[in-house]
Amino acid sequence: MEEQVANSDNFVKFIWQGICPPKVENFVWQLLKERVMVRQVIQRLYRSLVFNLECPLCNKEEESPSHLFLTCRWAWIIWSKCIGVWGVLSCSPKTIMEWAAGWTYLCPTPSSDRVWNMVFFVVVWMIWEFRNQKVFKEKEADLMLAVDTINFRIACWYKFHGFGSKELITSILLNMPGLCKEAKRRILSISEGLKFNVDGSSRGIQTQLGL
Ligand SMILES: [Zn+2]
């Protein structure tokens, strides 16, 4: 069922917009097909493996795609902060598929629809990095850094494509309370000739972000 919905025309259009690095678009595509390797999916694929299915972020629920990327307390804080910047409020739907299906309807202004869609991809990618840092590097979650990184990436990816109103995105970013001075300076100074890093990676330090 989820697979059918993920293959529908609307989702195909939503995902393959070319607004984010291909690796990130592909990751979201896999997520909506429930193929991202969270613990529940790994167990479904390899039934003989027995391991802890707990979400590594909250240690309370089973780590399903919808839990990790949406309903986990940590994930929802990130979503809420990121949509809050745009003046959007929402309660959490039950599944990441529902969230993706309703995303474009939450867009605050029609003129910012491409940047708004970009937010979805950047947040999903960040939550995955956030989770992997906890699992593989045993790093504690830094929510403010995660939110700043998201907004910094939106600015960089946006500037790369030149979508919508430059003033809109610049003012949103410069008014972010958690954004450090150096990050603000870099947002303003990003040149036209950006090198587009297709893995969307980050070195984890606000002032040394990959784009
Ligand atoms: Zn959780």
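Let's begin with the cysteines: searching the whole structure turns up zero disulfides, a disulfide being a pair of cysteine sulfur atoms within 2.5 Å. This is a predicted model, in which local features need pLDDT of at least 70 and side-chain atom pairs count only at pLDDT 80 or more, while totals for chains, interfaces and linings use all residues. Residues are numbered from 1 along each chain as its sequence is written, and side-chain values use heavy atoms, with hydrogens and water left out.

How enclosed are the cysteines? Here "buried" means under 20% relative accessible area, "exposed" over 50%, and "partly exposed" in between, using a 1.4 Å probe and protein chains only. C82 has a relative accessible area of 2%, so it is buried. C72 is buried as well, because its value is 0%, and C58 counts as buried at 17%.

## The zinc site

Which atoms hold the zinc ion? The ion is coordinated by SG of C55, SG of C58, NE2 of H67 and SG of C72, at 2.1 to 2.4 Å. Donors are N, O and S atoms within 2.8 Å of the metal (3.2 Å for Na, K and Ca); water is not among the atoms, so sites may look incomplete. Along the sequence, the donor residues are spaced C-x2-C-x8-H-x4-C.

The angles among the four donor atoms run from 104 to 117°, and the site is tetrahedral. For that label, all angles of four donors must lie between 85 and 135 degrees.

S64 sits in the loop between α4 (39–45) and α5 (65–71). Helices are DSSP runs of H or I with at least four residues, strands are runs of E with at least two, and both are numbered from the N terminus. Is S64 buried or exposed? At 14% relative accessibility, S64 counts as buried.

The side chain of S64 reaches the backbone nitrogen of H67 at 3.0 Å, and H67 is one of the residues that coordinate the zinc ion. A polar contact is a pair of N or O atoms within 3.5 Å; within protein, one must be able to donate a hydrogen and the other to accept it, and residues adjacent in sequence count only if both atoms are side-chain atoms. Setting aside residues up to four places away in sequence, S64 touches V38 and Q40, where contact means heavy atoms within 4.5 Å.

Q40 belongs to helix α4 and is partly exposed, with a relative accessible area of 24%. Beyond residues up to four places away in sequence, Q40 touches L53, E62, E63, S64 and P65. Q40 and N52 are 12 residues apart in sequence, and their C-alpha atoms lie 9.5 Å apart in space.

## Positive phi angles

E34, in the loop between α3 (22–32) and α4, has a positive phi near 60°. E34 is partly exposed, at 22% relative accessible area.

N59 is not a glycine either, yet its phi is positive at about 55°. N59 lies in the loop between α4 and α5 and counts as partly exposed at 43% relative accessibility. Just after α8, E138 also takes a positive phi of about 55°.

## Helices and the overall fold

The chain's secondary structure comes to 11 helices and zero strands. Of its 211 residues, 46% count as buried. Among contacts between residues at least 6 apart in sequence, 60% join residues at least 24 apart.

Helix α8 covers residues 113–137, which makes 25 residues. From first C-alpha to last, α8 reaches 36 Å, close to the 36 Å expected at 1.5 Å a residue; the expected span is 1.5 Å times one less than the number of residues. Because 19 of its 25 residues are buried, α8 is largely enclosed by the rest of the structure.

A100 is part of helix α7 (residues 96–103). At 3% relative accessibility, A100 counts as buried. Leaving out neighbours within four places in sequence, A100 is in contact with F11, F14, L32 and F120. A100 and F121 are 21 residues apart along the chain, with 9.9 Å between their C-alpha atoms.

Definitions and conventions. Tetrahedral: all angles 85-135°; square planar, octahedral: opposite > 155°, others 65-115°.
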